[in-house]
Amino acid sequence: MGRLLGRQHYRDALLGLGVLLAALALVVWPDQATQAMRDGLKLCGNVIVPSLFPFFVLSCLVVELGLSRYLGRLMEPVMAPLFRINGSCAVALALGVVGGYPVGARTAIQLYERGQCSRTEAERLLAFCNNSGPAFILGVVGAGVFGSGAAGLLLYLAHLLSSLLVGLLFRFYKGADGASRPRESGPRFQAVRVPAAFTHAVTSALQSVLNICAFVLFFTVFLRILGRAGVLAGLARAVSRLFSPLGMDQFWAERLLTGLLEVSSGVSSLSGGTLSGRMSMAAFMLGWAGLSVHCQVLAFLGDSGLSMRTYVAGKLLHGGLACLLTALLCRLLPFRGPAALYLAEQTEAIAGIDFHQALTISAAAAWVTWLLFLTLAALAVKKAVEKRGGV
């Protein structure tokens with residue numbers, strides 16, 4: 001089979017067959033595909049655009065105006081010894097934690113393209129900076145799926161801790177390459193460049209959000225068609241047989257496959273079984289992030305030359321560590337909470353979040369993060385001035 005796939009004409013034939021089957025599925029199940037598209041558009045309009053757009057503008061401004069350079073001077077003593085990356089990379093980690101995926105990955109790629117980190121540092125950073133935001137884990141997953149704020153908090157703590165552990169492990173990636181110094185020819189913070197930087201940030205953020213929405217729509221329809229055609233159930237049977245020694249049945253295998261493809265659909269399908277088991281699987285899905293998010297990151301990588309394999313390995317490790325940490329925390333910190341029987345169709349419940357509420361929360365968080373960055377940058381500049389004055 002591997003030899004057949006290694007030949008170009010066989011790969012083209014299989015790709016053509018896949019396209020024909022996809023077209024046939026749209027003809028056979030037009031109502032399901034149309035409804036999936038509506039659900040995807042609702043998800044994009046109510047959640048994706050208002051949640052990510054302010055943070056995309058913020059991340060672009062931080063890099064374009066050179067604020068990451070000043071932050072780098074302040075964060076160098078922390079980032080270099082722990083993760084073997086220079087201090088400027090702290091921007092991508094911070095935005096990835098607050099803004100959610102794929103904000104962190106996009107910021108890391110921008111830092112590399114602006115010469116503020118080396119290729120090795122960017123690949124190390126990509127392995128652990130692309131994380132889920134607190135609003136999604138605490139609000140949608142914790143309160144919505146599990147009906148418990150404590151469950152959301154536990155999942156978020158495990159998610160962040162496992163992300164930092166991945167960063168510590170990837171410090172050994174290409175161990176001969178240490179933390180670099182950003183090139184001095186890159187952009188600096190200059191007031192005269194603010195209008196141009198702001199214009200570019202807004203247009204670039206809109207393009208990035210549209211790219212993400214395109215992948216969300218595709219995978220929403222794709223999952224609905226796979227479920228309708230019985231393909232997902234067939235794959236779940238094969239996976240359940242493979243992992244039957246671990247106690248996985250077809251029910252959980254199907255939900256795992258859904259989460260591997262699209263994280264929001266995967267976590268929204270978790271119901272039944274023990275609370276700790278469902279939370280462990282949700283933690284894995286959140287750490288892995290789903291093929292949909294990976295395609296979004298791949299679109300940002302473009303011709304940058306950065307390795308996608310390092311990013312995928314980091315996300316797989318993130319999911320595994322988050323699953324183990326969540327299982328451990330559930331044993332150490334047992335809690336009783338109402339576990340909602342949540343069986344909404346794919347993205348319907350997540351898409352029900354109010355647009356104005358999502359935009360207000362996201363914009364407020366972006367402004368707070370922006371003010372924090374400005375304060376830290378001012379402290380770095382003041383420290384540098386005092387140092388020069390002392391000399």
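Helices H6 and H15 are roughly parallel to each other, because their axes cross at roughly 15 degrees and angles under 35 degrees count as roughly parallel. This is a predicted model. The protein has 18 helices and 0 strands.

**The whole protein**
- The protein has 391 residues, and 49% of them are buried.
- Its accessible surface comes to about 18,300 Å². Carbon and sulfur atoms account for 68% of that surface.
- Take the contacts between residues at least 6 apart in sequence. Of these, 80% join residues at least 24 apart.

**Helices H6 and H15**
- H6 covers residues 103–113, and H15 covers residues 291–301.
- The two axes come within 10 Å.
- The crossing of H6 past H15 is right-handed.
- On the H6 side, the contact uses Ala 105, Arg 106 and Ile 109. On the H15 side, Val 297, Phe 300 and Leu 301 meet them.
- By class, this H6 and H15 contact holds 5 nonpolar residues, no polar ones and 1 charged one.

**Helices H14 and H16**
- H14 spans residues 275–288, and H16 spans residues 308–332.
- Their axes lie 7 Å apart, at an angle of about 155 degrees.
- H14 and H16 are therefore roughly antiparallel to each other, since angles over 145 degrees count as roughly antiparallel.
- H14 passes H16 in a crossing that is right-handed.
- H14 brings Ser 276, Met 279, Ser 280, Ala 283, Phe 284, Gly 287 and Trp 288 to the contact.
- H16 contributes residues including Val 312, Lys 315, Leu 316, His 318, Gly 319 and Gly 320. Ala 322, Cys 323, Thr 326, Ala 327 and Cys 330 of H16 also take part.
- The contact of H14 with H16 divides into 10 nonpolar, 7 polar and 1 charged residues.

**Helix H5**
- H5 runs over residues 90–99.
- Why is H5 largely enclosed by the rest of the structure? Because 7 of its 10 residues are buried, and buried means under 20% relative accessible area.
- The buried residues of H5 are Ala 90, Val 91, Ala 92, Leu 93, Leu 95, Gly 96 and Gly 99.
- Gly 100 follows H5. The phi of Gly 100 is positive, near 85 degrees.

Notes:
Residues numbered from 1 in each chain as written. Predicted model: local features only at pLDDT ≥ 70, side-chain atom pairs only at ≥ 80, totals over all residues. Heavy atoms only, no water. Axes fitted to C-alpha atoms, helices over the stretch in contact; angles between N-to-C directions. Helix = DSSP H or I, 4+ residues; strand = E, 2+ residues; numbered from the N terminus. Parallel < 35°, antiparallel > 145°, perpendicular 65-115°, else oblique. Left-handed = near helix turned anticlockwise from the far one by under 90°. Contact = heavy atoms within 4.5 Å. Nonpolar A, V, L, I, M, F, W, Y, C, P; charged D, E, K, R; others polar. Buried < 20%, exposed > 50% of the residue type's maximum accessible area, 1.4 Å probe, protein only. Areas by Shrake-Rupley, 256 points an atom, 1.4 Å probe, with all protein chains shown as cover.
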